Amino acid sequence: MCFFVYLQLVGYLPPFTVYKGLHLYDTWTKGGPPGALYSGTESGWMMDCVFEAWMDFFITFTKDIPKPILLLFDGHGSHLTYCSVKRAMDNNIIILCLPPNTSHALQPLDVGVFAPLKKSWKNVLKTWYRESRQQKVSKATFPYLLKNLFASVKAEHAVKGCQGCGLLPINKEKVIRRILATEKGSSDNIQASAAPITTPAAVSTTSTSSSTIFAGPSTSSGPSATSAGEL
């Protein structure tokens with residue numbers, strides 16, 4: 001699973017990859033986008049302890065940004081633990097949980113980013129398969145491919161996603177219209193959430209516990225409305 005966050009006026013934060021595996025090998029964290037984060041869980045999905053570690057990273061990343069910061073999330077249980085919410089409140093970060101079953105209509109990354117991102121991912125894979133002659137993508141290879149993918153992500157897609165959802169600027173009529181259109185089965189250019197990116201296991205020599213996050217070099221930060229989504 002890949003976790004993407006867009007921060008208004010700054011751009012995308014370094015992506016966060018959660019591998020399926022009980023251990024996180026150092027070879028799975030090399031060669032990715034600058035500042036990228038990595039962790040692992042038994043299922044390959046987000047867990048409470050992993051998200052809480054990511055929240056600590058987010059708080060550090062945004063420490064010099066004017067507050068408050070609005071952080072949009074779906075209602076997944078791992079996003080709403082006591083520790084995560086308490087840390088956010090202590091740092092003047094407002095977590096806004098979207099209504100149930102509306103992320104495909106109101107989550108800016110779902111609406112504006114993931115469709116072109118999936119298209120770019122297919123192109124990255126095609127190029128890699130053609131050049132490498134390999135048949136499978138290992139976890140050791142994934143960071144390199146993620147770096148190529150992340151380079152193709154455009155801020156304008158997230159901005160259009162925010163506008164299309166009616167969340168930035170706020171447009172109550174558009175929000176209601178999108179929810180009702182979705183309930184009636186109308187696509188209205190809505191993109192559904194993608195399945196998690198998973199890759200086969202790789203062999204290495206060192207590992208850490210699955211609750212650990214490996215981080216590359218830090219990146220620059222700046223202001224204020226934030227949207228997070230999982231691919």
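Guide: Two strands pair if DSSP finds at least two bridges between them; strands are DSSP runs of E of at least two residues, and helices are runs of H or I of at least four, numbered from the N terminus. This is a predicted model, where local features need pLDDT of at least 70, side-chain atom pairs count only at pLDDT 80 or more, and totals for chains, interfaces and linings use all residues. Residues are numbered from 1 along each chain as its sequence is written, and side-chain values use heavy atoms, leaving out hydrogens and water.

Visitor: What makes strand 1 and strand 3 a pair?

Guide: Strand 1 (residues 2-7) and strand 3 share 2 bridges, so they meet that rule, in the antiparallel sense. F3 has F16 as its bridge partner in strand 3.

Visitor: How many bridges join strand 3 to strand 5?

Guide: There are 5, and strand 3 and strand 5 (residues 37-41) run parallel. T17 sits opposite Y38 of strand 5.

Visitor: How do you know that strand 3 is mostly covered?

Guide: Buried means under 20% relative accessible area (1.4 Å probe, protein chains only). In strand 3 (residues 16-20), 4 of the 5 residues are buried.

Visitor: Why is helix 5 called oblique to helix 6?

Guide: Their axes, lines fitted to C-alpha atoms over the stretch in contact, come within 9 Å and cross at roughly 130 degrees. Angles under 35 degrees count as roughly parallel, over 145 as roughly antiparallel, 65 to 115 as roughly perpendicular and the rest as oblique. Therefore helix 5 is oblique to helix 6.

Terms used
Buried means under 20% relative accessible area, exposed over 50%, partly exposed in between (1.4 Å probe, protein chains only). Axes are lines fitted to C-alpha atoms, for helices over the stretch in contact, and angles run from 0 to 180 degrees between N-to-C directions.
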